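Here is a short briefing on one protein model. Keep the sequence and the 3D view open as you read.

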Amino acid sequence: MTSPQDERWTGELVAVLSKRIVVYTDSMPLPVAAEELLAWLRDLRVFQRIQHRDWKSVIAEYGESFRTSGPRLCALLQSEHRALKSCLDQLFTMTGNQPILDEHVRSAATTAAEKLLSTLSSDRAVIAAWKDMAKEAQCTVRHTDCLESRRQCWSAIIEMRRQGSDDVARLCAQILTGDESAIRYQLGRLRETQKHDLAIDGSGPLRPFQKAALCESVLTEPPKKGDCVVWLRVDGAQMRRMEVSHGGVTFYAAQLLGPVVGSVDTSPALKLRPSELAAPTKSPITGDVITWDDDPGIVYVRVALNSVEFHLAVTQARAIAATLIQLADPLPGTWKLLVGEIVYVDGKLWYQKRWRPEGLPLHRERHLVDDIGQRLEEIGSTTTFADIAGVEKVEVALALRSALATSLEVGPVEVVMAAVRALEHATAWAGGDDWTTFLRSKFRYAVSHVQLVEFVTAVMGAIDANAPSNDPFAPLPETLLRLTCELYEWNGDEDELVPLAAIGHAAAIRDIYAEHWLYRSLAEVAAVFESGTKLKQGLEASDRRFDHYLDRLRRVRNSAIHGGPITTGTCDTIAHFAFHLGRYCLEQILRAHLAGENVQNYLDDFTNDHARRREVAITHQSYEQLFTAQ
């Protein structure tokens with residue numbers, strides 16, 4: 001029989017694998033930090049003094065990432081880490097105030113970093129990272145960011161091994177929750193000796209340690225590969241030639257392809273007849289036959305990829321198609337590559353994701369009754385008149401905001417670049433000189449407050465979806481029913497969290513969830529509002545995280561300007577932060593213009609207001625204003 005403690009830690013492990021609660025971490029995942037360090041060591045630019053600060057930053061980031069990694073992973077990498085650290089300690093010498101980079105040491109450090117990354121991508125490393133994460137879930141003393149840090153490190157190793165972290169995490173979560181089909185599938189892939197090692201005899205359900213060990217067999221499997229065909233759709237496109245091929249990529253005009261889908265083998269109109277469309281294909285989700293348009297303004301793109309990892313096929317296909325389209329230099333507003341695709345593996349339909357314009361992102365759910373009107377009322381209550389001064393600056397700010405929103409559909413590098421452009425402009429408009437100093441002084445408190453509110457809201461929201469007992473037939477405790485009724489109030493459109501009720505009831509709800517995976521998160525919410533001192537400590541920790549992220553963002557920004565190393569992994573660690581910081585800054589700029597106020601004076605008032613809110617919350621334990629939006 002599974003103990004309550006085992007149910008709690010396996011439940012929390014599933015929750016963190018499924019990313020059910022937003023948690024911010026300070027340090028980069030070790031694989032990401034090591035890959036960025038290696039990129040800097042391989043940088044072909046001649047070293048200049050102006051680069052020294054960024055060099056120190058990336059070296060310090062790697063050191064902190066190793067220090068905060070799990071004990072099993074650190075023990076495995078200890079030899080490689082010592083060799084690399086020894087080189088890094090000798091990489092620079094100072095002649096007066098001039099730093100000198102030793103190229104011989106740099107070469108040795110490059111070799112040491114390559115060896116460390118080689119070990120980091122091994123089976124032993126991914127299992128060590130998994131064990132570190134599972135052990136962290138079993139310990140309730142440390143905070144949620146420690147567990148999330150373990151997950152991010154493990155996930156980064158999975159990605160480095162080209163296995164597809166989402167697919168691996170999903171299968172592991174299914175095994176941990178006792179999904180019979182997932183367990184049966186994975187057991188079928190084991191040798192008898194492996195089953196014997198796990199003490200699996202088929203006499204009963206797997207125990208928690210057996211499930212965790214079974215997950216280890218998932219981690220060491222090579223990624224699934226095969227011959228893939230990815231179909232993409234382009235809108236606003238016209239071609240004189242109805243069919244154009246470029247290597248493994250073929251562009252079909254919709255009026256040519258659409259009418260013959262399902263009978264391409266007998267169509268004389270096609271030069272290259274895609275065999276996967278020889279018969280009508282049914283959607284694996286709805287069972288309906290997939291329809292193909294024949295409108296003249298549509299072009300379908302077929303990208304054939306040989307022996308590619310399944311989870312990487314779409315990314316590669318979109319990159320190839322987008323590159324070819326851009327090299328052809330289409331007119332502005334034309335040849336829009338839509339989100340969505342149809343994927344065939346070894347000639348069979350693998351999955352379908354409906355096509356839709358980029359302007360309709362899936363990353364944000366909207367209510368059935370949209371809340372635009374309510375938000376307009378909230379904005380209107382803060383304005384003094386409707387005339388917008390500085391129309392040109394407003395237009396630029398709106399364009400930057402639009403570019404930032406669009407970047408979400410492209411990737412983390414594009415998000416960071418769009419955010420940097422927005423932040424640079426915001427700094428200039430506010431009369432700031434150094435943008436990192438400006439952002440730290442004007443927005444650090446506000447961002448820390450937002451992150452705290454976001455965490456509290458996510459934790460309290462998780463209560464609705466998770467009963468304290470794993471028994472689906474167990475009634476909810478009357479105390480919990482009473483407390484949760486007080487957590488929300490109807491605002492006319494939806495139930496809205498009552499901050500003071502959430503704070504006041506956090507400790508009581510924590511105790512009710514003592515044997516549940518939510519216990520750790522609820523304990524953090526209760527602890528941070530236990531006293532003004534605890535709140536100050538929590539907010540100061542968020543402030544330090546802001547500084548870490550901002551330093552990382554500055555490093556990427558400098559590389560973008562001066563042609564230095566930029567890694568996708570590094571950008572991915574700060575994309576969420578950069579997006580919301582850029583959007584937040586632009587929003588305040590637009591509010592200032594809408595109110596007809598000087599931008600610098602408006603931001604001074606904004607900063608002072610958040611400083612006042614924090615002071616009131618810490619000194620008087622009056623927390624409500626921390627949850628008031630601005």
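This is a predicted model, in which local features need pLDDT of at least 70, side-chain atom pairs count only at pLDDT 80 or more, and totals for chains, interfaces and linings use all residues. Residues are numbered from 1 along each chain as its sequence is written, and side-chain values use heavy atoms, with hydrogens and water left out.

**Cysteines**

- A disulfide is a covalent bond between the sulfur atoms of two cysteines.
- Here the term needs a pair of cysteine sulfur atoms within 2.5 Å.
- The whole structure has 0 disulfides.
- Cysteine 172 is buried, because its relative accessibility is 0%.
- Buried means under 20% relative accessible area, exposed over 50%, and partly exposed in between (1.4 Å probe, protein chains only).
- For cysteine 571, the closest cysteine sulfur is in cysteine 585, 18 Å away and too far for a bond.
- Cysteine 571 is also buried, at 0% relative accessibility.

**Strands and hairpins**

- Helices (H or I, at least four residues) and strands (E, at least two) are DSSP runs, numbered from the N terminus.
- Two strands pair if DSSP finds at least two bridges between them.
- Strand E1 (residues 92-95) pairs with E2 in the antiparallel sense, over 4 bridges.
- Phenylalanine 92 sits opposite leucine 101 in E2.
- A turn of 2 residues separates E1 and E2 in a hairpin, and glycine 96 there has a positive phi of about 70 degrees.
- In a regular strand the side chains alternate between the two faces of the sheet.
- In strand E2 (residues 98-101), Pro99 and Leu101 form the covered face, while Gln98 and Ile100 form the uncovered one.
- Strand E5 (residues 249-253) has 5 of its 5 residues buried.
- From E5, Val249, Phe251 and Ala253 point one way, and Thr250 and Tyr252 point the other way.
- E5 pairs antiparallel with strand E4 (residues 243-246) over 4 bridges, and with strand E6 (residues 298-309) over 5 bridges.
- Tyrosine 252 is the bridge partner of glutamate 243, and arginine 302 is the partner of threonine 250.

**Second largest pocket**

- A pocket is found on a 1 Å grid over the protein atoms alone: it is an open set of points where a 1.4 Å probe fits, with protein on both sides within 12 Å along at least five of seven lines, and its lining residues have an atom within 4 Å of a point.
- The second largest pocket holds about 990 Å³ of space.
- Its lining has 38 residues; Asp26, His143, Asp145, Ala541 and Arg545 lie nearest the centre.
- Which element gives the most to this lining? H21 does, with 12 residues.
- The lining divides into 12 nonpolar, 12 polar and 14 charged residues.

**Salt bridges**

- A salt bridge is a side-chain nitrogen of Lys or Arg within 4 Å of a carboxyl oxygen of Asp or Glu.
- The structure holds 38 of them.
- Arginine 614 and aspartate 543 meet in one, at 2.6 Å from N to O.
- That pair links helix H23 (residues 599-620) to helix H21, 71 residues apart.
- Arginine 614 and aspartate 543 are both buried.
- Arginine 613 and aspartate 609 form another, with their closest N and O atoms 2.9 Å apart.
- These two are about one helical turn apart, because they lie 4 residues apart in helix H23.

Methods. Grid points are joined across faces, edges and corners, and a volume is the space filled by probe spheres set on the points. Ala, Val, Leu, Ile, Met, Phe, Trp, Tyr, Cys and Pro count as nonpolar, Asp, Glu, Lys and Arg as charged, and the others, Gly among them, as polar.
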